[in-house]
Amino acid sequence: MKTTLIAPALALAALGNAQTAQAQENCIAAQDVTDMVTYVVPLAFDAAMQSCDTQYKPSGFMKTNGDAFAARFRVKQDAAWPGAYRLGKQMMATRATERAEQGDEAGAGMLDLIDQMPQEQVRPFFDGFMQQMIASEIKPDTCRQIERGLALLAPLPVENTSGLVTFILQVSGVKEPTICPG
């Protein structure tokens, strides 16, 4: 499956680039993955609009129904934030460890700083980072695929969309990050 077919899968695939070899006891809770998908869909939508705006037809899904699709996820972001935050911190800890092993202590210092900040102060940085990271992964030749994928997901309730993406990642054997069974 191409990671750019649907924006939530793109976001999770980009997060998975932490290149960790996690043991089963260090797996990520499926609910946190689901929360992350719910949380990042509006960010991914905004990134896709930023990257592909000129390629989307005025009568296409992104310009006619995309805002409404993203809005259904935006209203659920506050509830999904704690799980997205836990997953984000776990991924950042892995990256900080990798950087420290390479002799770069800046990553560990950043993680310490984030640990000292209240969650709500981290959130704007997280949002900007995620949107920028997703936008950088979107290639012009994938814009129509993103639009098609989101149009296919649009009829589903938010919980089903996020749960479906988590399920696909679980059954496809994604190892970076490893999702806990169950």
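A disulfide is counted here when two cysteine sulfur atoms lie within 2.5 Å of each other. In this predicted model, that rule gives two disulfides, and one of them joins Cys27 to Cys180, with an S to S distance of 1.9 Å. The chain has 182 residues, of which 46% count as buried, and its secondary structure consists of nine helices and zero strands.

**Overall architecture**

- Among contacts between residues at least 6 apart in sequence, 81% join residues at least 24 apart.

**Disulfide Cys27–Cys180**

- The torsion about the S-S bond of Cys27 and Cys180 is about 100°, so this disulfide is right-handed.
- The bond links distant parts of the chain, since its two cysteines are 153 residues apart.
- Cys27 sits in the loop between helix H1 (7–15) and helix H2 (30–52), while Cys180 belongs to the segment after H9.
- Both Cys27 and Cys180 are buried.

**Disulfide Cys52–Cys143**

- The sulfur atoms of Cys52 and Cys143 are 1.9 Å apart and form a disulfide.
- The angle about the S-S bond of Cys52 and Cys143 is -70°, and the link is left-handed.
- Cys52 lies in helix H2 and Cys143 in helix H8 (residues 143–153), so the pair ties together parts that are 91 residues apart in sequence.
- Cys52 has a relative accessible area of 0% and is therefore buried.
- Cys143 likewise has a relative accessible area of 0%, which means that Cys143 is buried.
- With bonded cysteines counted along the chain, the disulfides follow the pattern 1-4, 2-3.

**Nonpolar core**

- The largest nonpolar core comprises 44 residues.
- The residues with the most contacts inside this core are Tyr39, Tyr56, Met62, Phe69, Met130 and Ile138.
- At least two residues of the core come from each of H2, helix H3 (61–64), helix H4 (66–74), helix H5 (77–101), helix H7 (119–137), H8 and H9.
- H2 gives the most to the core, with 13 residues.
- Phe69, one of the residues with the most contacts inside the core, is in contact with Val41, Phe61, Leu150, Leu153 and Ala154 when its neighbours within four places in sequence are left aside.

- Asp32 lies in helix H2.
- The relative accessible area of Asp32 is 9%, and because buried means under 20%, Asp32 counts as buried.
- Leaving aside neighbours within four places in sequence, Asp32 is in contact with Gly83, Ala84, Arg86 and Leu87.

**Nonpolar surface patch**

- Leu164, Phe167, Ile168 and Val171 make a nonpolar surface patch of about 340 Å².
- Phe167, a member of this patch, is found in helix H9 (residues 158–171).
- Phe167 has 46% relative accessibility and therefore counts as partly exposed, a class that lies between buried, under 20%, and exposed, over 50%.

Conventions. Residues are numbered from 1 along each chain as its sequence is written. This is a predicted model: local features need pLDDT of at least 70, side-chain atom pairs count only at pLDDT 80 or more; totals for chains, interfaces and linings use all residues. Side-chain values use heavy atoms; hydrogens and water are left out. Patches are made of residues with over 30% relative accessible area and no salt bridge: like charges are joined within 9 Å, nonpolar side chains (Val, Leu, Ile, Met, Phe, Trp, Tyr) within 5 Å. Accessible areas come from the Shrake-Rupley method with a 1.4 Å probe; for residues, only the protein chains shown count as cover. A salt bridge is a side-chain nitrogen of Lys or Arg within 4 Å of a carboxyl oxygen of Asp or Glu. Helices (H or I, at least four residues) and strands (E, at least two) are DSSP runs, numbered from the N terminus. Buried means under 20% relative accessible area, exposed over 50%, partly exposed in between (1.4 Å probe, protein chains only). Contact means heavy atoms within 4.5 Å. A nonpolar core is a set of buried Ala, Val, Leu, Ile, Met, Phe, Trp, Tyr and Cys residues joined through side-chain atoms within 4.5 Å.
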